[in-house]
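Here's a quick walk through a protein model, stopping at a few residues, a cavity, a core and a helix. Have a look at the structure first.

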Amino acid sequence: MPTETALVPDYSYISTFARCPRRGYYAHVLGLEPPEPNIPALAGTAMHAALHVLYTQAWDYEAAREALAASWGDLRPSGRYEWLTLGHLEIVLRNYMEDRRPDEVGQVVEIGTTLDENAVVFDWKNARGESIRLGGKIDLPRLIANQRYVIDHKTTTSWLNEWWLKERYPLLHQARIYVAALQALTGERYEGAYINAIYIGQFAADEPAAWAKRKSVRSKLFGPFMFSQSQLEETWEWAKTWLDTIRFWQEADRWPQNEGACSDFGGCSYLELCQAHPVVRPSLISRKYVRRAPTGVLASGADGRRSK
């Protein structure tokens with residue numbers, strides 16, 4: 001069992017284990033870096049950096065492009081995503097600025113804390129006064145029609161339409177967590193969320209005439225999605241239940257495989273490990289996987305805090 005480390009779980013951490021405990025074990029407990037980088041995820045991170053500059057500093061392409069390039073670094077994809085280059089993302093960024101307006105997502109909301117690349121941490125109490133501690137990276141708190149919302153940026157290589165939204169984010173637990181975080185941090189009521197979705201797929205650079213023939217768009221602001229207190233309570237229960245379950249797996253040192261998740265979102269990066277005989281897995285890990293600093297394991301309390 002890895003040494004217990006201080007850890008504040010977030011939506012990504014919880015949902016990874018919820019999708020497949022073994023995937024969570026490889027990614028977060030052992031800290032295994034897949035042989036091939038997740039290029040779409042890295043592209044999403046770079047676009048988030050550019051959007052952060054657009055909406056919090058100035059609606060300026062050059063400033064946003066610099067943030068995009070800094071995040072992307074010298075990455076040169078090959079194989080399946082060889083087309084997903086910095087130049088491609090620069091076109092996506094330029095198209096986004098042509099299609100959208102800076103005031104489309106309302107006015108800036110001052111929340112008394114800095115929202116940058118660092119995750120916020122908050123204690124979330126349910127109606128019974130029970131508390132869990134969670135983290136998260138919140139994109140944009142905004143004031144729209146005199147009501148507060150959180151704007152959550154999403155990038156995708158899939159065709160962008162209503163079906164995409166319903167398939168990928170049917171319950172919006174992540175957005176609900178962000179709303180709960182902002183309410184806890186500010187004491188102000190947040191009504192819900194918008195999903196700001198951007199297509200970064202292979203056809204993003206196509207001319208507008210080609211896009212006019214498709215049942216898809218280059219980008220779209222979906223919402224508003226209004227969250228009642230009862231819905232936030234249900235997400236609290238979702239998070240608490242999974243944290244308790246992860247802690248159970250951790251204490252038993254058992255990480256079951258979920259066959260139904262092997263093909264999720266283009267395929268699991270650890271499928272080869274799961275398919276290999278347990279005896280040869282250590283050798284396979286040493287030959288093909290890079291060990292980074294693991295995220296860590298949950299402390300004695302299911303909320304990520306150490307018990308005294």
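Let's start with Arg-100, which sits in the loop between helix H5 (86-99) and strand S2 (107-108). Keep in mind that this is a predicted model. Is Arg-100 buried or exposed? Its relative accessibility is 8%, so Arg-100 counts as buried, the cut-off being under 20%. The side chain of Arg-100 also has a polar partner: a contact of 2.6 Å links it to the side chain of Asn-196. Setting aside neighbours within four places in sequence, the residues in contact with Arg-100 are Trp-59, Asn-196, Ala-197, Ser-219, Lys-220 and Leu-221.

**The cavity**

Ser-219 turns up again in the lining of the largest cavity, along with Val-92, Asn-95, Tyr-96, Asp-99, Ile-198, Tyr-199, Ala-204 and Arg-218. Two elements give two or more residues to that lining, namely H5 and strand S7 (192-199). Which element gives the largest share of the lining? That would be H5, with four residues. As for volume, the largest cavity holds about 50 Å³ of space, and the count of cavities of 30 Å³ or more comes to one.

**The core**

Next up is the largest nonpolar core, with 86 residues. Which of its residues touch the most other members? They are Leu-32, Leu-54, Leu-89, Trp-124, Leu-134, Tyr-270 and Leu-273. Among the elements, helix H3 (residues 39-56) gives the most to this core, at 10 residues. Zooming in on Leu-273, and again skipping neighbours within four places in sequence, you'll find it in contact with Tyr-26, Leu-32, Arg-281, Leu-284, Ile-285 and Tyr-289.

**A covered helix**

The buried set runs through Pro-21, Arg-22, Arg-23, Gly-24, Tyr-25, Tyr-26, Ala-27, His-28 and Val-29. What covers the buried residues of H2? The cover includes helix H1 (11-19), strand S1 (32-33), helix H9 (229-252), helix H10 (271-275) and helix H11 (281-288). After H2 comes Gly-31, which has a positive phi, near 70 degrees.

**Two partly exposed residues**

Two more residues are worth a stop, and both have a C-alpha distance to go with them. Ala-63 is part of helix H4 (residues 61-72), while Pro-256 lies in the loop between H9 and H10. Ala-63 is partly exposed because its relative accessible area is 27%, between the cut-offs of 20% and 50%. Pro-256 has a relative accessible area of 38%, so it counts as partly exposed too.

| Pair | Apart in sequence | C-alpha to C-alpha |
|---|---|---|
| Ala-63 and Val-53 | 10 residues | 6.9 Å |
| Pro-256 and Ile-144 | 112 residues | 44 Å |

What is Pro-256 in contact with, leaving aside its neighbours within four places in sequence? The partners are Cys-20, Pro-21, Arg-22 and Trp-249. Pro-21 and Arg-22 bring us back to H2, as they are among its buried residues.

Note on methods:
Residues numbered from 1 in each chain as written. Predicted model: local features only at pLDDT ≥ 70, side-chain atom pairs only at ≥ 80, totals over all residues. Heavy atoms only, no water. Buried < 20%, exposed > 50% of the residue type's maximum accessible area, 1.4 Å probe, protein only. Polar contact = N/O pair within 3.5 Å; in protein donor to acceptor, adjacent residues only side chain to side chain. Contact = heavy atoms within 4.5 Å. 1 Å grid on protein atoms, 1.4 Å probe; cavity = no way out; pocket = protein on both sides within 12 Å on 5 of 7 lines; lining within 4 Å. Points joined across faces, edges and corners; volume = space filled by probe spheres on them. Core = buried A, V, L, I, M, F, W, Y, C linked by side-chain atoms within 4.5 Å.
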